[in-house]
Amino acid sequence: MSNEQRNICLTAADGQTGHLIAELLLSHPDFSSKITSVTCLATDPDSCNDLAELGAIVLPYAPGQPQYLVDCLKKVDTMMLIPPSVAQKVAVVQELVQAAQAADVNNIVLLSAAGCDLAERDKQPRLREFIDIEGMVLPLKGDTSTQTGHSPCIIRAGFYAENILLYGQQAREKAMIPLPINNQKFAPVALGDVALLAAHVLTGRGPRGLDDRHRGQLLVATGPMLTSGDELAAAATKALGVKMEFVSITEQDAVQILSTQTEIDPSEQEYLLNYYSFVREGKANYISTAAYIQITGVPPTQPEEFFRMYPEEFKRRANRGRKTRAA
């Protein structure tokens, strides 16, 4: 397939990350001018109607249809492989990778998780399984039987700052941010920043596929500031003009909140609890922003800026959409 074209397929396009990346590719001129088509695989195609209106090809996808998946990918040269928030995440990714091989998809950009290499399989299995997923993509680079993965890139995204919005009820009603992290430090990254980084990588061009500055790279993207729970609450207070307090809760309390106040998949709940455990162990005490700044040309979202993006989530009115900054 000609390198003059860029036909991108996003998996899990009905999830927040895939949806936002697709929206950015289709609507922002810095990216829409560099692509030929965007195909969105979605288990809930109706949730992608707005993407279809922007020009996306939205295709229903359910695991267990390998030939259908190959057919969906035949005109694709670049895959944004986003592991879905389901219990059988690894098995679904394996099917997607095998389909990409059969369809000879040249460029693969994998969304992985920062910290997966430090996570312990017995303590943080949902975080550690991203190592297994990376292990499916990395060997493709040397497989001469297929074109797939010869131009790869892995983005390890940190803990999404938007996960704090899951505790919006406590923030609105009690002016508190409850997290089971024992006031340890971590560096939450804005979802919009991850989407912006992915959009730059997906639309970059080089003689072998992706831009040579991105091809073969393992890019770790965290937020720009290490924050404890108290520092996170201080940033929220300054941004919102409302006194916010951090409360260190137990994992059991977190399970109760996530189970009763959210509709996230149980596997995603397990992932969040694994990450909180990871933070409590002090293993998230780092930032990684150099690659993000070099590729996007802008600094990542500061904690105060993040809270200013979502005032209604903390002031009794539901926010209507995720935010991202222009490239």
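Contact means heavy atoms within 4.5 Å, and helices (H or I, at least four residues) and strands (E, at least two) are DSSP runs, numbered from the N terminus. This is a predicted model, in which local features need pLDDT of at least 70 and side-chain atom pairs count only at pLDDT 80 or more, while totals for chains, interfaces and linings use all residues. Residues are numbered from 1 along each chain as its sequence is written, and side-chain values use heavy atoms, leaving out hydrogens and water.

**Exercise 1.** Find which residues of helix 10 are buried, and what covers them.

Step 1. Buried means under 20% relative accessible area, exposed over 50%, and partly exposed in between (1.4 Å probe, protein chains only).
Step 2. In helix 10 (residues 251–261), Ala254, Ile257 and Leu258 are the buried residues. They span an arc of only 95° around the axis, so they sit on the same side of helix 10; the arc is that of the directions from the helix axis to the C-beta atoms.
Step 3. Gln252, Gln256 and Thr260 are exposed on the other side of helix 10.
Step 4. The cover over the buried residues includes helix 7 (168–174), strand 7 (176–179) and helix 11 (266–280).

**Exercise 2.** Describe the open sheet and its edges.

Step 1. Two strands pair if DSSP finds at least two bridges between them.
Step 2. The open sheet has seven strands in the order 3-2-1-4-5-6-8, with parallel pairing.
Step 3. At the edges stand strand 3 (57–60) and strand 8 (218–221); each has a single partner strand, so one side of each has no neighbour in the sheet.
Step 4. Strand 6 (residues 151–157) is joined to strand 8 by four bridges, and Leu218 in strand 8 is the bridge partner of Ile154.

**Exercise 3.** Classify the pair of rings of Tyr271 and Tyr275.

Step 1. Rings of Phe, Tyr and Trp (its six-membered ring) pair if their centres lie within 6.5 Å; planes under 30 degrees apart count as stacked, over 60 as edge-to-face and the rest as tilted.
Step 2. The ring centres of Tyr271 and Tyr275 are 6.4 Å apart and the planes are at 40°, so this pair is tilted.
Step 3. Both residues lie in helix 11, four residues apart, and both are buried.
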